[in-house]
Amino acid sequence: VCFFLFVSTALALPILNIREFGAAGDGIADDSAALKQAAERLKSNGGGTLEFPAGTYRIGTVGGGLILDEQSNVKVVFTDGAVLLMDNLLPDGSGGGHGIVVRGPGSGITLENIHVRWVKKAIGRSHGDAFRFEGYPSDGKTIARIIMNNCIGERSPQTGAVFMGCSDVSVNNF
């Protein structure tokens, strides 16, 4: 008798808590470095789940919040009361950066209950989407199998969500 056991790759991937990377989540400290470290760990692990417990995760540097560069099999989950607070506009209201960025190639990206909010409104159109997916099919960098459930983009300087070079996208309650 021969038995085969199939285990999903998702089951073997780690569950990480953003606080493990030094994020304060107090709305005062700049949590940019913690988000960068967490993204690097997800990449080195070949994916996984990144959880944000209740708190306000402030991004105080020009650039962006969570940047997932050429990653697959990643799930980002905010628990109730978790907010990514974008406090990265320059004093004149310009500049900024995106809240969540996914750059291809990649597949199997899930965002759940993400709330991205800017501290202040930009003076004009500025660099800042709440959610930005950058796939470039001509360069082989398509992003596939994207799921966004219950996500909010508030006061973004540019737009709520941008999908470039993406396929198999499901957006629910945005």
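Of the 37 residues in the largest nonpolar core, which touch the most other members?

1. **Core.** The residues are Leu111 and Phe131. A nonpolar core here is a set of buried Ala, Val, Leu, Ile, Met, Phe, Trp, Tyr and Cys residues joined through side-chain atoms within 4.5 Å. Buried means under 20% relative accessible area, exposed means over 50%, and partly exposed lies in between (1.4 Å probe, protein chains only). Helix H2 (residues 32-45) gives the most to this core, with five residues.

2. **Basis.** This is a predicted model, in which local features need pLDDT of at least 70, side-chain atom pairs count only at pLDDT 80 or more, and totals for chains, interfaces and linings use all residues. Residues are numbered from 1 along each chain as its sequence is written, and side-chain values use heavy atoms, with hydrogens and water left out. Helices (H or I, at least four residues) and strands (E, at least two) are DSSP runs, numbered from the N terminus.

3. **Phe131.** Set aside its neighbours within four places in sequence. Phe131 is then in contact (heavy atoms within 4.5 Å) with Ile100, Leu111, Ile114, Val116, Met148, Cys151, Ile152, Gly153, Gly160, Ala161, Val162 and Phe174.

4. **Sheet.** Four strands form an open sheet, in the order E5-E8-E11-E14. The pairing is parallel. Strands E5 (63-69) and E14 (159-164) are the edges, and each pairs on one side only. From one strand to the next, the twist averages 10 degrees. Axes are lines fitted to C-alpha atoms, for helices over the stretch in contact, and angles run from 0 to 180 degrees between N-to-C directions.

5. **E5 with E8.** Two strands pair if DSSP finds at least two bridges between them. Six bridges join E5 to strand E8 (residues 97-103). The two run parallel. Gly63 has Gly97 as its bridge partner in E8.

6. **Asp87-Arg58.** The whole structure holds six salt bridges. The criterion is a side-chain nitrogen of Lys or Arg within 4 Å of a carboxyl oxygen of Asp or Glu. One of them joins the side chains of Asp87 and Arg58 (2.9 Å, N to O). Asp87 lies in the loop between strand E7 (82-86) and E8, and Arg58 in strand E4 (residues 55-59), so the pair ties together parts 29 residues apart in sequence. Asp87 is partly exposed, at 28% relative accessibility. Arg58 is buried, at 17%.

7. Glu134 counts as buried at 10% relative accessibility, while Arg103 is partly exposed at 29%. The side chains of Asp129 and Arg132 form another salt bridge (2.5 Å, N to O). Both Asp129 and Arg132 are buried. Salt bridges with shared partners join Arg103, Asp129, Arg132 and Glu134 into one network.

8. Cys166 is partly exposed, at 24% relative accessible area.
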